[in-house]
Amino acid sequence: MARTEDDSWDITEGVGATALGVAWARSQEASSECPLFTDTYAQRFIDAAIARGWQLPPAHMEQRIRAISNYAASRTKWFDDFFVAAGAHGIEQAVILAAGLDARAWRLPWRDDSVVFEIDQPKVLSFKAETLASDQPAARYVAVPIDLRQDWPKALRDSGFDPQEPTASAAEGLLPYLPAEGQDLLFERIHELSAAGSRVAVESFGAEFFDPEYLARRREQLRQMREAAGADDTETPDIADLWFIEDRTDVADWLMDHGWRVSSEEAGTLMERYGRPPSAATEDATPRTVFVEGA
């Protein structure tokens, strides 16, 4: 599970497997009383992964995923709304960074001439292509299989991206998996590729999220869940082991310093707005993130 400078992954291992956990959480939204979104593709990704030998989360991890299900649903809805609003403002070019098993190119109501570029590890995008081979995207879909630590702007341009056209870019569930220096480079590249009229949406992980006391409580909660389920500590390593826990630049500040008009909303406030507030029992499990939009 430990990260290395040049590590890579398939969909069922390491960072890739986290996309399956998110897909499983999205698939559960269909059974809620008032779903915030519809994603009929999430379960198909799970079924395809199981066919490859992947196993559903053990009982204690399922419990943890359910504890943050309202957060996951609210996050999905917020990014959905971002892309729909961008289209309403005439933006027809979208870039989804570390796309994972995001199926927005298939399920959102895109403008007729829209193109959606997805960037992620080659094996991850290959798995998605195989699973959805019989499905027609709702926009022109372009996979850009490259590690974000490499020269992805060149790969993006080589794939037909037009840096002269306004773009809607999104970074969802990505930043903890980049070192602080890599995060700065990511936004420098986004900024350079963003023509006038572009927009960017980010799930930001700042000091509150990486607070040592908060992370310690999170690890203890996970330990207790494992213990209650009778699971061995080595069976399901903590996802935090995949993160780069470093001091990093505040995303909203970075964007404002580079001329973007910024709006921010804390996770708890966002969840309240969508009618999915965290309960007292899940408050510690709810990530301390901030949803940042720049225009």
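R111 is partly exposed, because its relative accessible area is 34%, and the cut-offs for that class are 20% and 50%. Keep in mind that this is a predicted model.

Where does R111 lie? In the loop between α5, residues 104-107, and β2, residues 115-120.

Now its partners. Leave aside residues up to four places away in sequence, and R111 touches G87, G90, I91 and E92. Two of these names come back as polar partners. Take G87 first. Its backbone oxygen lies 3.1 Å from a polar atom of the R111 side chain. Then E92. Here the contact is side chain to side chain, polar, at 3.3 Å. One more distance for this spot: Q93. R111 and Q93 are 18 residues apart in sequence, and their C-alpha atoms are 9.7 Å apart in space.

On to the rings. How many aromatic pairs does the count come to? It comes to 14. One of them is F45 with F127. The centres are 6.2 Å apart, and the planes make an angle of 40°. That pair is tilted, because 40° falls between the 30 and 60 degree limits.

Why does this pair tie together parts that are 82 residues apart in sequence? Because F45 sits in helix α2, residues 42-51, while F127 sits in helix α6, residues 122-131.

Ring pairs link F205, F209, F210, Y214 and W243.

The charged end of R273 sits over the ring of Y274. The distance to the ring centre is 4.9 Å.

Let me zoom out to the chain. It has 11 helices and seven strands. The chain runs to 295 residues, and buried residues make up 51% of them.

What about contacts along the sequence?

Last, the surface. The accessible surface of the chain comes to about 13,700 Å². Carbon and sulfur atoms own 48% of that area.

Definitions and conventions. Residues numbered from 1 in each chain as written. Predicted model: local features only at pLDDT ≥ 70, side-chain atom pairs only at ≥ 80, totals over all residues. Heavy atoms only, no water. Phe/Tyr/Trp six-rings, centres within 6.5 Å; stacked < 30°, edge-to-face > 60°. Helix = DSSP H or I, 4+ residues; strand = E, 2+ residues; numbered from the N terminus. Lys NZ or Arg CZ within 6 Å of the ring centre and 35° of its normal. Buried < 20%, exposed > 50% of the residue type's maximum accessible area, 1.4 Å probe, protein only. Areas by Shrake-Rupley, 256 points an atom, 1.4 Å probe, with all protein chains shown as cover. Contact = heavy atoms within 4.5 Å. Polar contact = N/O pair within 3.5 Å; in protein donor to acceptor, adjacent residues only side chain to side chain.
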